[in-house]
Every structure is written in structure tokens, then in C-alpha cells.
Amino acid sequence: MTAARELFAEHGVNGVTTQQIAHRADVAIGTLYLYTSTKAELLIMVQNEKFAAAIDSGLAAANAAVGQGVLEPVIVLIRPVVGCVREHIENGRTYLHELVFGDPDEPYRRAGLALCRRLEVGITGLLTRDEHIDAADAATLARVITAIIHISTTATPNLHRSDEAVLTDIRDQILATLAPHHRAA
């Protein structure tokens, strides 16, 4: 895990082979495959750890942001998540792609998808603080918001934008998504 983490951080997922990871870890390639069967699974294993820490940090900060409506706590929650995914763009893009399009029964992907669900549930909880958003709508809106996060953090036009610029764009999209609930009230 340490060898994979270091090499992915240094070279990106596409700049590393499983043989290099095994060599850095001082294990035989066969031993490496006892833990994961592909380089993508190694990346997911490494990124899950970072993603979980980002969600923990965001949830703690968002739960402390009481009395600020719902938009700002949602932004506070997703800020470390955006930073995590964009820390190394290639790794973040590959991680999210693998989670969305990979085998959901693979254990590391399943854990990553559970983390995505945890983020979604956290957003849902924040949205239900708004008296104009019922629980069912909050759950649907949370799925929409996580899709916004996914696309905005990984889209090619945003690759060279700063995290703050991407967060501002995400904030504007969330605001537009929530606006109908406030206009209807």
C-alpha cells in the first residue's frame, strides 16, 4: 500500500506499473496480486483511504457550520472531497472512473462506492435542514450534487483550473439546483 501510494503520487497511475510497485514494496509480483488483481484496484485501495479522510474532515466541518442555511455547509463538506480528487488529477479521474464503471462486486470498489454513499448521505442530512426540502427530495438532490461533483472535478475543461475555481462552479450549480425549492416556497 505504501509503495503504491508513493509511486502513484510521484508518477500518476498511468506512469507506474505493477512491477514497479512490487519492486518498491520489495515483494514478488505474485505476492502483490494476493492483495489486488489489477493496478486499478491498487489505486482504488490507496484512494479510498484518502477519500474516507476527506469525507470525515468535510462532515466534521459541515456539522459545525450550523445556522448558515444549507448551501454553505454542503460546500464545506465537499471542499476536502474536491481537494482529494484533484490532488493528483490523473489519479482522481481514474479513481472516480473505476468506481463508476468498474465491477461493483470487487471489494475495494465496493468500499469506494460505500464511501460515495456516505458522502451522499451526508449531503442528504445537510439538505434536510432546509424546511423547504423534504427527505425524498433531499436524497435525490444529494445524488444530483454528487454527480455535479464528479463531473466538475474530472471534466477535461476543468483540469487546469484551480480547486477554488472548480468549487465556485460547483457552488453555482448547487445553488441553481436548490433554487426551485426556494422559489416554490
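The structure is a predicted model, in which local features need pLDDT of at least 70 and side-chain atom pairs count only at pLDDT 80 or more, whereas totals for chains, interfaces and linings use all residues. Residues are numbered from 1 along each chain as its sequence is written, and side-chain values use heavy atoms, with hydrogens and water left out.

The chain contains nine helices and zero strands, where helices (H or I, at least four residues) and strands (E, at least two) are DSSP runs numbered from the N terminus. Read from the N terminus, the order of elements is accordingly α-α-α-α-α-α-α-α-α. Along the principal axes, the C-alpha atoms fill a box of roughly 60 × 30 × 30 Å.

Of the 185 residues, 43% are buried, where buried means under 20% relative accessible area, exposed over 50%, and partly exposed in between (1.4 Å probe, protein chains only). The chain exposes about 9200 Å², of which carbon and sulfur atoms supply 57%; these areas come from the Shrake-Rupley method with a 1.4 Å probe, and for residues only the protein chains shown count as cover. Among contacts (heavy atoms within 4.5 Å) with a separation of 6 or more, 67% are accounted for by residues 24 or more positions apart.

In soluble globular proteins, nonpolar side chains tend to be buried together. A nonpolar core is here a set of buried Ala, Val, Leu, Ile, Met, Phe, Trp, Tyr and Cys residues joined through side-chain atoms within 4.5 Å. The largest such core holds 50 residues, of which Phe 8, Ile 21, Ile 78, Ile 123, Leu 127 and Ile 174 touch the most other members. Two or more residues of this core are given by each of H1 (2–11), H2, H4 (39–64), H5 (71–86), H6 (89–101), H7 (107–127), H8 (135–154) and H9 (163–184), and the largest share, 11 residues, comes from H4. Once neighbours within four places in sequence are set aside, Phe 8 is in contact with Val 13, Val 16, Ile 21, Lys 39, Leu 42, Leu 43, Val 46, His 88 and Asn 91.

Gln 47, in helix H4, counts as buried because its relative accessibility is 4%. Beyond its neighbours within four places in sequence, Gln 47 is in contact with Cys 84, Asn 91 and Tyr 95. Cys 84 lies in helix H5 and is likewise buried, with a relative accessible area of 8%. With the same exclusion of neighbours within four places, the contacts of Cys 84 are Gln 47, Lys 50, Phe 51 and Ala 54; the C-alpha atoms of Cys 84 and Lys 50 are separated by 6.7 Å, although these residues are 34 apart along the chain.

Asp 26 is located in the loop between helix H2 (18–25) and helix H3 (29–35) and counts as exposed, at 71% relative accessibility. Most residues other than glycine have a negative phi; Asp 26, although not a glycine, has a positive phi of about 60 degrees.
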